[in-house]
Amino acid sequence: MGIGCAANTARLILFIFNSIFFLLGGACLGVGIFVLVDKKELVALTKIDGIDKVDAPSLLEQGAYVLIAAGAVVFLVGFLGCCGACIKSTKLLYLVNLHCYGAFNMVPGIQ
């Protein structure tokens, strides 16, 4: 009985954390799409007098693409983790684990 309770608790915690990542990935994806669609308003908001060397629309567009790509990856991994926790699929959970392992191994290489 103790192993079953611990396994169910671990599965619940896994589901909660993956649902948080799922929602945060969706928020990043939404903000990135909003920035791409409504660039003119954001350029007007970020206009600073005296700085003409920075190309704000290009910088915003590149940031939006990065935000969309990162949000889509986090969104997909969170969704797969939630599905894997709900249906007890070890293959989906291994896929999420592989993605997290790859992301954490890539971080020290970026300086």
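Reader: Hi! What does the secondary structure of the protein chain come to, in helices and strands?
Author: Hello! In this predicted model, the protein chain has 4 helices and 0 strands. Read from the N terminus, the elements go α-α-α-α.

Reader: Nice and simple. How much of the chain is made up of buried residues?
Author: Buried residues account for 15% of the 111 residues in the protein chain.

Reader: And what about the accessible surface of the chain?
Author: That comes to about 8,400 Å². Carbon and sulfur atoms hold 74% of that accessible surface.

Reader: Which residues form a nonpolar patch on the surface?
Author: The patch is formed by Leu12, Ile13, Phe15, Ile16, Phe17, Ile20, Phe21, Leu24 and Val74. Together they have about 800 Å² of accessible area.

Reader: Which helix gives the most to that patch?
Author: Helix H1, which covers residues 2–37, gives the most, with 8 residues.

Reader: Could you pick one of them, say Ile16? Where does Ile16 lie?
Author: Ile16 lies in helix H1. Its relative accessible area is 40%, so Ile16 counts as partly exposed.

Reader: How far is Ile16 from Gly81, in sequence and in space?
Author: They are 65 residues apart in sequence, while their C-alpha atoms are 9.8 Å apart in space.

Reader: That makes me curious about contacts in general. Among contacts between residues at least 6 apart in sequence, what share joins residues at least 24 apart?
Author: For the protein chain, that share is 68%.

Reader: Okay, new topic: rings. How many aromatic pairs are there?
Author: The count comes to 2 aromatic pairs. In one of them, Phe22 and Phe75 have ring centres 4.5 Å apart and planes at 25 degrees, so that pair is stacked. Phe22 sits in helix H1 and Phe75 in helix H3 (residues 56–87), so the pair links distant parts of the chain, 53 residues apart.

Reader: Are Phe22 and Phe75 buried, partly exposed or exposed?
Author: Phe22 is partly exposed, with a relative accessible area of 24%. Phe75 is also partly exposed, with a value of 30%.

Reader: And how are the rings of Phe22 and Phe79 placed?
Author: The centres of Phe22 and Phe79 are 6.0 Å apart and the planes are at 35 degrees, so this pair is tilted. Phe22 lies in helix H1 and Phe79 in helix H3, so the pair ties together parts that are 57 residues apart in sequence. Phe79 is partly exposed too, with a relative accessible area of 40%.

Reader: What do the ring pairs link together, then?
Author: They link Phe22, Phe75 and Phe79 into a cluster.

Reader: Switching to cysteines: how many disulfides does a search of the whole structure find?
Author: The search finds 0 disulfides.

Reader: Is Cys82 buried or exposed?
Author: Cys82 counts as buried, because its relative accessibility is 10% and the buried class takes values under 20%. Another cysteine, Cys5, is partly exposed, with a relative accessible area of 49%.

Reader: Where is Asn18 found, and is Asn18 buried or exposed?
Author: Asn18 is in helix H1. Asn18 is buried, with a relative accessible area of 7%.

Reader: Last one! What is phi for Lys88?
Author: Phi of Lys88 is near 55 degrees, which is a positive value in a residue other than glycine.

Reader: And where is Lys88 found?
Author: Lys88 is in the loop between H3 and helix H4 (90–106). Lys88 is exposed, with a relative accessible area of 57%.

Conventions:
Residues are numbered from 1 along each chain as its sequence is written. This is a predicted model: local features need pLDDT of at least 70, side-chain atom pairs count only at pLDDT 80 or more; totals for chains, interfaces and linings use all residues. Side-chain values use heavy atoms; hydrogens and water are left out. Patches are made of residues with over 30% relative accessible area and no salt bridge: like charges are joined within 9 Å, nonpolar side chains (Val, Leu, Ile, Met, Phe, Trp, Tyr) within 5 Å. Accessible areas come from the Shrake-Rupley method with a 1.4 Å probe; for residues, only the protein chains shown count as cover. A salt bridge is a side-chain nitrogen of Lys or Arg within 4 Å of a carboxyl oxygen of Asp or Glu. Helices (H or I, at least four residues) and strands (E, at least two) are DSSP runs, numbered from the N terminus. Buried means under 20% relative accessible area, exposed over 50%, partly exposed in between (1.4 Å probe, protein chains only). Contact means heavy atoms within 4.5 Å. Rings of Phe, Tyr and Trp (its six-membered ring) pair if their centres lie within 6.5 Å; planes under 30 degrees apart count as stacked, over 60 as edge-to-face and the rest as tilted. A disulfide is a pair of cysteine sulfur atoms within 2.5 Å.
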